[in-house]
Every structure is written in structure tokens, then in C-alpha cells.
Amino acid sequence: MILANPRGFCAGVNMAIDALDQSIKQFGTPLYVYHEIVHNRYVVDRFKSQGVTFVNELAEVPNGGTVLYSAHGVSPSLRQEAKTRQLRAIDATCPLVTKVHLEAIKFAKEGYQILLIGHADHDEVIGTMGEAPAVMTLVETVEDVEKLPFTADSKLAYLTQTTLSVDDANMIISALKKRFPQLIGPNKEDICYATQNRQEAVKELAKEVDLVLVLGSQNSSNSQRLAELAKLMGKQAHLIDTVAELDPAWLLNVKSVLVTAGASAPEVVVQDLIDYLTRCYGAKVETHTVREEHVRFPLPKELRLVMA
Ligand code: SF4
């Protein structure tokens, strides 16, 4: 068994989880989180068992209640709604998502039409679109590029969701640049370091194995991309929340396995899988490090102020 490194929690997810743990300590329950704190069933279930309520609408939070925004960020109209309703809001948006929001505000102020490359209905995309809805157009595929209503004279800028497939995003950006040579983009890539590093590790290590197992939830964009990447390399690959979802049929005639985890999957589910494969199949574990990560983000300012 090859254990990919880096894998699992990124700095944004660590910060969001720490923020929710700290909020429970400081404010107790009832405590509300707008959408899933991170897209992982195991993590969400853990917090539910501690009395946290996850809501899809701010209207579900009682007036004066405490609400935490997830790592994926929210739109300005939602922040305003929270203010009007006098909710205590704690913002656990990942700073790398905030970076994309700030770029959207900047481009909109400068008069650009913004092409946001991302997946419709993803929490992060909804939040980013909300920064400048009048000038924002979502581009999901290379095919979408041909349908765009803009011309060679349009002032155009692109941004991307942070958790896309690097290869897919590059294909869309190339198609956009070909059709609109005037297109400009962010100074530094929006696809975050954690997404890129986990994809790079799969690209490098999947070559060596028969089967790729990715720990993560089905609604986790970056976890989905890891399984998809391995499949594109011609490998059998599966995305599972926990070892309980492992189908022994996948292991028939398999001599080597790559295990990795999306940025929202906790290490405990990885260790459970390792224990199972070691115990039942005599797997020998080798960790292969493709890149070191040392990124850390501070707690949201609302919690830092209370702690001080
Ligand atoms: S995957 Fe990237 S953008 Fe998302 S929370 Fe982690 S570091 Fe932030």
C-alpha cells in the first residue's frame, strides 16, 4: 500500500474545524453553521452529535443566534441578512476563498465582465458569484466557452473555484484565451495549493498501483477530482467516506493500492482503512511524500477577539 503525502486536511479545513470547536467552547449550543462546515460526512456527523445545527437557510437561525460561515464562504447579501437579523456571525471562510472574492470585487470595480470557472451549485461558487452577480458568468466546461455572448471588444477577466481539476481548468482557460485574447486573469492561480498538491501526488503515485482508494465525501469537489484523475490515468479508483464502503470485489487480483484523502477527509478514516487492509490483506504500508506542506491559517477574527 502506498500512502500518498500530502493527503487529507488542508489549512483551511483545519482552521474551520478549530473555529467550530472553539465556538462550541466559547458560546455553547445551540450553535448554527451555514451549510456543511466542510464537505465531509464524518466531520459533519461528529459536530451534529455535539449539538451543532447545520442550516441551508439563514432563516432557520433564531434572531440573535450564533452562526458560523463554513470554509466555502458566503455572499455579501447573506452577511447583510445576518447583520439585519442581529446574528452573531463567525466567519470561518478559508482565506484562499476570500482571495477569490477580493479578486471578483476588484475586477468588477474596474469594469470587467467576470468569467468564473467552476461547478454550478457548489457552495463556494454561490458565494463568489454573489460578490458581483451582475457581471459574473459561470463557465463549467470547454463547450460553454463557445456559447458565451461576449465579443473581441468585451472587457473580460476570469477567476476559478479553488478546488478544480488543474488540467480541466487549464483546458477551459486555454479555450477562453483562444476565443478572447484580451482575457486577463488573477495574478496568482486561484486553484489552491492543497488541491494542486493532492492532485500532483495522485498523478505521480497512481502510476505504480492497480487500485486507487480516495477517502472523502461524494459532495467534496477536491476529493471527486482525485478519483476522477486516477480514472483518467486508466486506474480502478473509488471515492469512499469510510472503510465500511469498501467492496472486497475491488481488491480481487489487486497487488498494490494507493490510498489518499481529499482536503476535507480526517486522518482517522485513513487510519481505519490502513488498519483494515493491513489486518485482512497483510498490506505493507509505504508513505511516499511528493511535497511538504507547512501552511497554517489563524482562527477567525471574531474568535481571536473574544479569546484576547
Ligand atoms: S481546499 Fe484549498 S481553498 Fe478549500 S479550504 Fe482547503 S486550502 Fe482552502
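Visitor: Which residues are around the ligand?
Guide: Cys10, Gly12, Cys94, Leu96, Thr162, Thr163, Cys192, Tyr193 and Ala263; a residue is near a molecule if one of its heavy atoms lies within 4 Å of it. This is a predicted model, where local features need pLDDT of at least 70, side-chain atom pairs count only at pLDDT 80 or more, and totals for chains, interfaces and linings use all residues. Residues are numbered from 1 along each chain as its sequence is written, and side-chain values use heavy atoms, with hydrogens and water left out.

Visitor: How does that shell divide into nonpolar, polar and charged?
Guide: There are 6 nonpolar residues, 3 polar and no charged. Ala, Val, Leu, Ile, Met, Phe, Trp, Tyr, Cys and Pro count as nonpolar, Asp, Glu, Lys and Arg as charged, and the others, Gly among them, as polar.

Visitor: Switching to the largest nonpolar core, how many residues does it have?
Guide: It has 25 residues, and those with the most contacts inside it are Leu20, Ile37, Phe47, Val52, Phe54 and Leu68. Such a core is a set of buried Ala, Val, Leu, Ile, Met, Phe, Trp, Tyr and Cys residues joined through side-chain atoms within 4.5 Å. Buried means under 20% relative accessible area, exposed over 50%, partly exposed in between (1.4 Å probe, protein chains only).

Visitor: Which elements each supply at least two residues of this core?
Guide: Helix H1 (11–27), strand E2 (31–34), helix H2 (41–49) and strand E3 (52–55) do. Helices (H or I, at least four residues) and strands (E, at least two) are DSSP runs, numbered from the N terminus. H1 gives the most to this core, 7 residues.

Visitor: What is leucine 68 in contact with?
Guide: Leaving aside neighbours within four places in sequence, leucine 68 is in contact with Ala19, Leu20, Ser23, Tyr32, Val33, Tyr34, Ile37, Ile90 and Ala92. Contact means heavy atoms within 4.5 Å.

Visitor: Where is serine 264 found?
Guide: In the loop between strand E11 (257–261) and helix H10 (267–281).

Visitor: Buried or exposed, and why?
Guide: Serine 264 counts as buried because its relative accessibility is 5%.

Visitor: And glutamine 86, buried or exposed?
Guide: Exposed, at 64% relative accessibility. Glutamine 86 lies in the loop between helix H3 (76–84) and strand E5 (88–91).

Visitor: Last one, where is lysine 106 found?
Guide: In helix H4 (residues 95–109). Lysine 106 counts as partly exposed, at 42% relative accessibility.
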